[in-house]
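User: I'm new to this structure and would like a close look at a single part. Could you pick one spot and walk me through what surrounds it?

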Amino acid sequence: VTALTATMIVGCLVVIALLVIRLTDRSPALPRAIDLPGGAAAVALTQGPGWYAVVTDDDRILIYDRTTGALRQTVQVETPD
């Protein structure tokens with residue numbers, strides 16, 4: 001019974017430690033506002049290390065630099081007819 005209790009306590013401590021590590025490791029915040037070219041509206045947003053991307057309602061993916069906020073690349077999405 002003592003071994004089982006010790007195992008359960010260690011397991012709970014490991015879970016708590018992993019939760020603390022995971023929840024405190026946050027990526028940099030996104031800017032408050034993103035200026036989209038041509039009056040496009042955002043449909044989706046994703047991010048990676050050093051960049052974030054906005055999918056627009058006019059079938060474009062706009063990739064921005066996270067540090068400067070400058071537009072890095074525009075990708076036109078082909079939609080099937």
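Analyst: Arg-66 is buried yet has no salt bridge, and Asp-65, the nearest side chain of opposite charge, is 8.2 Å away. A quick word on those terms: buried means under 20% relative accessible area, exposed over 50%, and partly exposed in between, using a 1.4 Å probe and protein chains only. A salt bridge needs a side-chain nitrogen of Lys or Arg within 4 Å of a carboxyl oxygen of Asp or Glu. For charge, Lys and Arg count as positive and Asp and Glu as negative, while His and the chain ends are not counted.

Keep in mind that this is a predicted model, where local features need pLDDT of at least 70 and side-chain atom pairs count only at pLDDT 80 or more, though totals for chains, interfaces and linings use all residues. Residues are numbered from 1 along each chain as its sequence is written, and side-chain values use heavy atoms, with hydrogens and water left out.

Back to our residue. Arg-66 has a relative accessible area of 15%, so it counts as buried. What does its side chain touch? A polar contact of 2.8 Å links it to the side chain of Gln-47.

Now for the surroundings. Arg-66 sits in the loop between E3 and E4. Strands (E, at least two residues) and helices (H or I, at least four) are DSSP runs, numbered from the N terminus, and two strands pair if DSSP finds at least two bridges between them. E3, residues 60-65, runs antiparallel to E4 and is joined to it by five bridges; Ile-61 faces Val-75 of E4 there.

Zooming out, the four strands form an open sheet in the order E1-E2-E3-E4, with antiparallel pairing. E1 (42-48) and E4 (71-76) are the edge strands, each with a single partner, so one side of each has no neighbour in the sheet. At the E1 end, six bridges pair E1 with E2 (residues 51-56) in the antiparallel sense, and Leu-45 has Val-54 in E2 as its bridge partner.

Terms used: A polar contact is a pair of N or O atoms within 3.5 Å; within protein, one must be able to donate a hydrogen and the other to accept it, and residues adjacent in sequence count only if both atoms are side-chain atoms.
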